[in-house]
Amino acid sequence: MTIPAHEPVSKRKRVGVVFSASILMLGGGVAWAAWTNSGTGAANAQATTATGLVVTAGTPSSTLYPKPADGYSDPSIGAVYTTVANPNPYPVQVTTVSFGAVTITPLSGRSCPVGSVVPTSSTPTALATPITLAANASATAVTIPGAVEMISTAEDGCQGASFSVPVTLTGASA
């Protein structure tokens with residue numbers, strides 16, 4: 001058996017093989033780098049500034065009279081009526097209410113002394129049912145039952161008088 005002699009590899013072929021292998025390795029390295037790129041840097045964000053709820057007087061629909069010894073039989077007696085709007089770009093849930101001093105405006109020629117009508121609580125009170133206001137909600141009617149009471153010894157001059165009370169509604173983003 002005869003073993004054929006190998007032809008000598010020309011310098012040109014050798015350079016071509018090395019060049020081709022180098023291109024393949026370089027190309028493969030670039031492809032690998034394209035799949036594993038990453039970077040680190042900074043980014044910014046900013047929170048909005050909360051705007052207060054807009055609370056305005058509502059229209060009363062019940063009457064108020066001197067409180068009997070056993071209390072009012074209906075929670076609508078002594079209710080206050082207001083509206084609340086949420087100008088914020090996020091929903092808000094109102095959970096508590098607090099009241100300021102009652103202002104009394106008697107009918108012309110009559111007198112109704114200060115203290116004849118008072119809030120039923122001097123501290124913030126949890127609402128029986130929290131009020132959820134959508135983002136950018138327009139005025140929503142709110143009734144707060146049993147919020148004020150007329151003292152049992154109120155004078156006749158309180159008949160027909162109107163009463164206003166500062167209302168603070170407090171809540172948080174929902």
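How many disulfides does the structure hold? The structure, a predicted model in which local features need pLDDT of at least 70 and side-chain atom pairs count only at pLDDT 80 or more, while totals for chains, interfaces and linings use all residues, holds one disulfide. Residues are numbered from 1 along each chain as its sequence is written, and side-chain values use heavy atoms, with hydrogens and water left out.

A disulfide is a covalent bond between the sulfur atoms of two cysteines; the criterion applied here is a pair of cysteine sulfur atoms within 2.5 Å. The bond joins Cys112 to Cys158, with an S to S distance of 1.9 Å. The link of Cys112 and Cys158 is right-handed, with 90 degrees about the S-S bond. Cys112 lies in the loop between strand 4 (103-105) and strand 5 (117-119), and Cys158 in the loop between strand 8 (148-150) and strand 9 (162-164), so the pair ties together parts that are 46 residues apart in sequence. Helices (H or I, at least four residues) and strands (E, at least two) are DSSP runs, numbered from the N terminus. Cys112 is buried, with a relative accessible area of 8%, and Cys158 is buried at 4%. Buried means under 20% relative accessible area, exposed over 50%, and partly exposed in between (1.4 Å probe, protein chains only).

Two open sheets are described next. Two strands pair if DSSP finds at least two bridges between them. Strand 1 and strand 2 run antiparallel and are joined by four bridges, and the bridge partner of Thr56 in strand 2 is Thr83.

Another open sheet of three strands has the order 6-3-10, also with antiparallel pairing. Its edge strands are strand 6 (125-133) and strand 10 (167-173), each pairing on one side only. Neighbouring strands of this sheet are turned by 30 degrees against each other on average, direction ignored. Strand 3 (residues 92-99) pairs with strand 6 over five bridges, and Gln93 stands opposite Thr132 in strand 6.

The largest nonpolar core has 26 residues, of which Val80, Val97, Phe99, Ile144, Val165, Val167 and Leu169 touch the most other members. A nonpolar core is a set of buried Ala, Val, Leu, Ile, Met, Phe, Trp, Tyr and Cys residues joined through side-chain atoms within 4.5 Å. Two or more residues of this core come from each of strand 2 (80-86), strand 3, strand 6, strand 7 (137-144), strand 8 and strand 10. Contacts of Leu169 (heavy atoms within 4.5 Å) include Leu53, Val84 and Ile144, not counting residues up to four places away in sequence.

Ser62 is in the loop between strand 1 and strand 2 and is partly exposed, at 27% relative accessibility. Beyond four places in sequence, Ser62 touches Ser76, Ile77 and Tyr81. Ser62 and Gly78 are 16 residues apart in sequence and 7.8 Å apart in space, C-alpha to C-alpha.

Notes. Axes are lines fitted to C-alpha atoms, for helices over the stretch in contact, and angles run from 0 to 180 degrees between N-to-C directions.
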